[in-house]
Amino acid sequence: MTSDGRGSRLELRLAALAFVVVFCGAAAAGLVTMRYRRSPVEQPIAFNHRKHVIDNQLPCSTCHQFYETETFSGMPDADTCATCHQERQGKSAEEARLVKMLTNHQPLVWNSLFRQPPHIFYSHRRHVVKAQIKCERCHGNIGMTTFPPRQVKRLSMSDCIACHERLHVATDCTTCHR
Amino acid sequence: MTRWGMVIDLDRCTACQACVVACQVENNIPLADRVDCEHGRGISWIRLAPFREGEHGTRPSLRLIPILCMHCERPPCVKVCPATATIIGEEGLVGQIYPRCIGCRYCTTACPYTVRRFNWKRPEWPEPMEQGLSPDVSVRPRGVVEKCSFCHHRLQRAKDKARFEDRPLQEGDYVPACVETCPAEAMFFGDLDDPRSTVARLAESPRAIRLLEELGTKPKVIYLSKGESGGDV
Amino acid sequence: METFELGADKRLFAPIETTRPRFWVFAGILLTIGLWGGFAWWTQLRRGLGVTGLNIPVFWGLYITNFVFFIGISHAGTLISAILRLAHAEWRRSITRAAEVITVLVLFFGMACVILDLGRPDRVLYVIRFGNFTSPLLWDVTSVACYLTASTIYLYLPLIPDIAILRDRMPSRRWLYRPLALGWSDSPRQQRILNRAIAVMAVIVIPIAVSVHTVVSWVFAMTVQPMWHSTIFGPYFVVGAIFSGIAAIIIAMAIIRKAYHLEDYLKPIHFNNLGLLLLVMSLLWFYFTFAEFLTTYYGGEPMHMVVFLSKTEGRFAPLFWAMVVFCLVIPFALLANNRTRTKVWGTVVASVAVEIGMWLERYLIVVPSLSSPRLTMTAPSYVPSWVEWSLFAAFVSMFILLYAVFTKFFPIISIWEIREGREHSVAEVTTRVESYLPEVTHE
Amino acid sequence: MTIGRREFIGLMAGAAAGTAVGFPAGRIFDSTLHSGDQFLYPPRGPEQFVLSVCRECSGGCGVRARRIGERVVKLDGNPLHPISGGRLCAKGQAALQVLYHPDRVRVPLRRAGARGSLASFRPSSWDAALNDIAARLQSLRDEQHPESLVLIRGDDRTLGTRIARRFVDAFGSPNDIAFNGGGEAEALALLVTQGVRATPAYDLRAADYVLSLGSEMLETPAAPVYTARAYGDFRQTYPGHRGKFVHVDPRLSITAASADEWIPIRPGSHAAFAFGLATAIVGEGLYDRAFVAERTIGFEDGADGDLRSLIEQYFPLEKAAEQTGVSVNVILRVARELAGAHNGLVLGPHKGPLIGGRLFDHLAAHILNALVGNIDQRGGVLIPEESPLDSWPAVERDSVAASGHRRPRLDGVDASSTIGNDLEQLAQALASGQPYRAEVLFVAGCDPIYASPARQRFASALERVPLVVSFATIPNDTSLYADWILPEPHYLEQWDLHTSPPSVAFPMVSVASPAVPKPLHDTRAMGDVFLTLARRIELQRALPWSDVPTLVRAEIDRLYQVRRGAIMGTDFDQAWVQMMERAGWWSPGYANADELWQRSLEAGGWWDPFYDHGDWSRVFRRKSGRFDFRPDVVRQFAAVSSSLDSSGSLALVLFEPLSVAGGTGAELPFLQAILDPGFDAQWETWGEIHPDTAAVLGIRDGSPIRVASGHEAIVVRARVTERIVQGAIAIPVGLGRLAGGRWAAGVGANPLRLLDRVREPVSLLPDFGSARVLVSEANATDRRAAGRIER
């Protein structure tokens, strides 16, 4: 810009311009991050999947009792844990905490890590028993973890559709939406 | 092909409105308090519409007809939805996909039966009423349109069940909540394409009428008019 | 020569170069109303559409009325100016800009009305992402977007020479004008290209404009609802749109003329000419309305008659007859009379009446049909809530404010076109008129 | 453009400010956009079905509750249950919301302020409540005044009420007072003519012509679902076979809307219409001669007081036409239709659980049934059999109890009375302390302050009783006047046994088991409360059971002993059992009491579907062993001149919409929204006025009107409609509650307030149909007053 355009208030103009541009960008960023914001999931006990599933060869249904019989998989309650952990099995501090909780009859509420949207009909039984889909297909290597992940995994429709299309099963909206 | 449909025998119907409440409880319909109702915002997927007959001077009469989504074969709502949030499924159910609905209410205005409802506010249940909510039906957020789904979550459940019993879906496996509760047993539900089904047989009755048939919507809710039976049951 | 001319058009630069305190007061008031509307919108976002007066079955109300109304007004500019340009109507020169700005600005508010009306404004882009091409609402989005683009270009092209003049005249704002002027140097080649571009755009813009309001009407007409499902709706809406559009131009012109002392540029003859157009549109509007209502009445289909009677003698009757008075009686009385039409106030009063009347017409199209659904249903009558009224007021205020702001940055009367008229057209018109006549050879 | 230091700082500052403001702004904006998105995500869990019995009305429908995890999410009819047959009415469907109602009584509440307001109550504990009550009761026994205990109760088809009655009996008080307005006249008609104490059952299913004399049989019969199912079959079951239904009433009710013909008559002229029909039937000789000759007395004994001569004397056709406003031709036509039908059935004006009828009307209807010979026939009036569990062995009274039982009842009713209970008299006795004072008063299963015409007097009388205990799930109007409100569990939270509901002919025992694993609140079943009290004051000899579940199991053992009936089953099972029993066989499908218990839990209960038609000695229990036309009673009624006084006032016609019948239902928003589909009336009380009448009074549709009787006035919304005859105003009962939670209290108006202390002559039943009211456009004062009542 030539010198005559360089008014004494150029820096103000630039500031305003920068404000507007950055405001829009930041607001958009705010919007987007809000939408994908994740609140960490805390579990009552730092459950070691690997210990149970790999080391002790327990089937998933030991704790997730319903996935072969119901639409949902189910989370273990205190009684389920108590079948083994009424007394100490190992040496970990977490287990000591668990045993203490169980003896004190404290409630044990696990928080789900994999969340379907609430407007979906999904039958675990149908997928696991009938279609023989492996748990890992959706749940990844959760069985290999030694510490519970903190992030919720939200399952998206495109994941479902991709699989349904590949296997040539229904993709009618109302098959799953309700 | 399966083509789900309903038959309502107006000669049996007593206008008791059990269907209205059964539907509301089954489908997690939000509570509407007095103020909402005064604003005309109460949601019901099935309602009884009054048809008054008789001019002044002659003896008046009153006909009450249960009206719900007709699950038209040519649904005017599906055509006009700009976001493909309302669709007609392979088995003829007109579905509403809540997470896709933008809330423009074009479908509600396009529906000649005025059976679509809108969530004017966020649904709220005072503690502990939320405990009565069914996990089978999604709780709709505010700002989206909803309507009778023929309780299609029951179809999803019934299919799931039938599949594990290694049998095809049978008549009576899948019945909407209103039909299940109708005290006068005036409502029937089933596959209109299955010639052996009750609804297919009743749909052929000389008493069978369809509402606003002249609009070409091809409703799948069929009424049996009041009057002498034509040997149809 | 050039200095003299600039001096002559000094009035046109005055609004841009000087701003009086009165303007700030005026802008402050409008902005306050706008902010109040923002608060109303915030309330609606937080609490849902329950804060409106809408109900079952009146699912659409003020927002959709305003949408149709605003989109209607948008026909003011682009369409009128395009037609006048193509017709070489020389009196257009001082009014085209004022008209085109209306179009561009009001379209934004029209679109915003639809977003206000959405239960889920956060999902508005689903219309594109999951669009359903059988939905007239999608056609609407498409055609309004087209119109907005086209009319923006159409506003911008004739602005370029004026921006260049301003660039050279106002060094302090060169940061703004220089990029916008696109290096305009008024060379004959540039002039040729510009004129051709304007002419092309004028041709393109007309069918788009017609399509916009036709499609808006189809939002209603494509449903099977009583007194919506009508083939006449397309042209009826277009006529109504042009009708309200012309009225909007007249009002805008009168205000500009008064506020910026442009009596020399906006003369009674301009008002008179537009007034004549308005008169024609008024009669055309009446013709369509009459045809529409007579057809319904004569057919006498019960469902349609319910709506018909609710308008003519039922609960909407006061509004309906007010509409007839505002759209036909008042404008006809004022405009058919030479004495009132040739006065500025005469056409302005008629125009204000038309705007009110046309708003009522939109309201009476949207609400009564919904209030009487086919299957009986008792419903409380629709009374718009404070939120809806506030947002209506805010939209009108913000439109006026933006319009005013525009006049503070760009000449509201096209300077170069006035000059062009002065320099070339007088001669050109003489030749043109002569070309219409049998040639008189002087021997 | 060159960027200098200042420009750079400007840019940075702008950008920083933009970020600082923009980012949170975007987040706030987004969270506002999505403030509707916090989905309630009802938790999943294993599905389970539990059988119970609905208690929203007296109907006794078997219910199947769908349980997900620990929550009940839906109620439907138990498909095997003979009453509900897998169906439920609107109230039954909504009952789930009573269980989860936010305004339930959660702990025992003790009054700490003035009576009449819930705000006066403070949370307390069961220990405190039981100690207080037991101490008072003990002192009554110690002072030898057991008669000072009063129990006001609803119907006794549930264990809680039956335990309470037995408690009162063993305690030594004669004051076991039932509050059951609606069905009394109907039962009385049966008692007068046949000597049977029961509510008649109507075999609607098999009838081919039903004449309803204002019986709201499709809205508020004693067993709505059972009746509706029968009605469906009555209409359309066999090809070419369709029953005709004629409704005669001043109001075009929802029941009338279903009828083939609605015949409007003047208010209060049901009996006149019925006797008009009788005159025509007798006059034309259309009556069932065989039945009348063989099974009745009092028709034409030659005595000058026989029915035939009475009819000729008092009920000529022209007079009936004049009194009812129906033309002679119509009366004649209906008479011929009724008599000509194979099974013509006449239903008296049963208006609902609260609105008592008149004996004269019901007697007239019953006489018509006898004239057409439709008593104890298929498609006729049936006499319910007693359930095997209906009665317990008599209480062995100790000396204190015996002395108490020698005292008169406070309401003055004794064995010689026609009526079973007299609330009006009770209120007076409570207020005056004569013949003796009431010291402890239990109210259970009914709401007299709301529902009694004597409500004002009753409320002030309660002030004189030192200890009033109300059992309530959601506080009712009477609870507000109590000293203790004891939280009653919802029926889905407790064990119970139900015997046949009124108007159901066959004996039945339904087992209700708790549908939720544990009660939501600190509630105790009424039965358990009385069993506990019995232990405290040493009455366990009469009430030996430790708790209700034990009693339920013990009752099933007793049921096994009767050696008849079967487990509830499908239609096929029913037909099989009926066939077998008709042939004299009993094939129960269970081998011992344990099996009966197990299978009852699985199916819902036990019943005996076999009805023995023509067991005349059971049906006609008057000395004559015949149906008695009771010309003596008819003459008494006929002699009372019907005073047609109408000094510019309107007849008050009361009715009960199904959703709020019995004064319950207004607690729930879903039921408030369906009061009358004909008007789409919701959340308010309205008054129906004929257009002609409204024109005379200058009343516009939709405007608030003041309805006043001698002592009270209410404000309702006018509904100008042809659904009511001229010269009358019809107002629904069920709203205008003082209590009942956030959705009931203060909504609408209670027209029962308008009733005066009027009794029907001869029967001395409270007369709900004789009130006349003045109606005018409500002015601002009235509306303000109404608003004050509401809030």
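The legends below describe close-up views of a predicted model of a complex. Residues are numbered from 1 along each chain as its sequence is written, with chains lettered from A and ligands numbered from 1 in the order in which they are written. Because the model is predicted, local features need pLDDT of at least 70 and side-chain atom pairs count only at pLDDT 80 or more, while totals for chains, interfaces and linings use all residues.

Figure 1. The predictor assigns the complex an ipTM of 0.91 and a pTM of 0.92. Per-residue confidence is given as pLDDT, the predictor's confidence in each residue, from 0 to 100. Chain D averages a pLDDT of 89, and 96% of its residues score at least 70. Chain B has a mean pLDDT of 89, with 94% of its residues at 70 or more.

**Figure 2. Overall form of chain B.** Chain B has seven helices and 10 strands; helices (H or I, at least four residues) and strands (E, at least two) are DSSP runs, numbered from the N terminus. The radius of gyration of chain B is 18 Å, close to the 17 Å that the globule rule gives for 233 residues, so chain B is as compact as a globular protein of that length. The radius is taken over C-alpha atoms, and the globule rule is 2.2 Å times the number of residues to the power 0.38. Along its principal axes the C-alpha trace of chain B spans about 60 × 50 × 35 Å. Buried residues account for 64% of the 233 residues in chain B; a residue is buried if 20 or more other C-beta atoms lie within 10 Å of its own, exposed if 12 or fewer, and partly exposed in between, with C-beta atoms placed from the backbone.

**Figure 3. Overall form of chain C.** Chain C has 19 helices and zero strands. A compact globule of 443 residues would have a radius of gyration near 22 Å, and the 23 Å of chain C agrees. The C-alpha atoms of chain C fill a box of roughly 80 × 60 × 40 Å along the principal axes. Of the 443 residues of chain C, 49% count as buried.

**Figure 4. The contact between chains B and D.** Here 54 residues from chain B meet 57 residues from chain D, two residues being in contact if their C-beta atoms, placed from the backbone, lie within 7 Å. On the side of chain B that touches chain D, two or more residues each come from α1, α2 (34-38), β2, β3 (61-67) and α6 (177-181) of chain B. The largest share, seven residues, is that of α1(B). This side of chain B divides into 27 nonpolar, 12 polar and 15 charged residues; Ala, Val, Leu, Ile, Met, Phe, Trp, Tyr, Cys and Pro count as nonpolar, Asp, Glu, Lys and Arg as charged, and the others, Gly among them, as polar.

**Figure 5. The contact between chains C and B.** In this view 37 residues of chain C are in contact with 38 residues of chain B. On the chain C side, α7 (126-129) and α8 (136-156) each supply at least two residues. The most is given by α8(C), with three residues. The side of chain C that touches chain B comprises 21 nonpolar, 11 polar and five charged residues.

**Figure 6. The largest nonpolar core.** A nonpolar core is a set of buried Ala, Val, Leu, Ile, Met, Phe, Trp, Tyr and Cys residues joined through C-beta atoms within 7 Å. The largest one has 468 residues, and those with the most contacts inside it are I246(C), I249(C), L278(C), F167(D), L277(D), A278(D) and I729(D). Helix α12 (residues 233-259) of chain C contributes the largest share, 16 residues. Not counting residues up to four places away in sequence, F167(D) touches F530(D), L533(D), A534(D), L539(D) and L543(D).

**Figure 7. The surroundings of S510(D).** S510(D) lies in strand β19 (residues 508-512) of chain D. This residue is buried, because 31 other C-beta atoms lie within 10 Å. Beyond residues up to four places away in sequence, S510(D) touches V53(D), G60(D), G62(D), H81(D), H498(D), G604(D) and G605(D).
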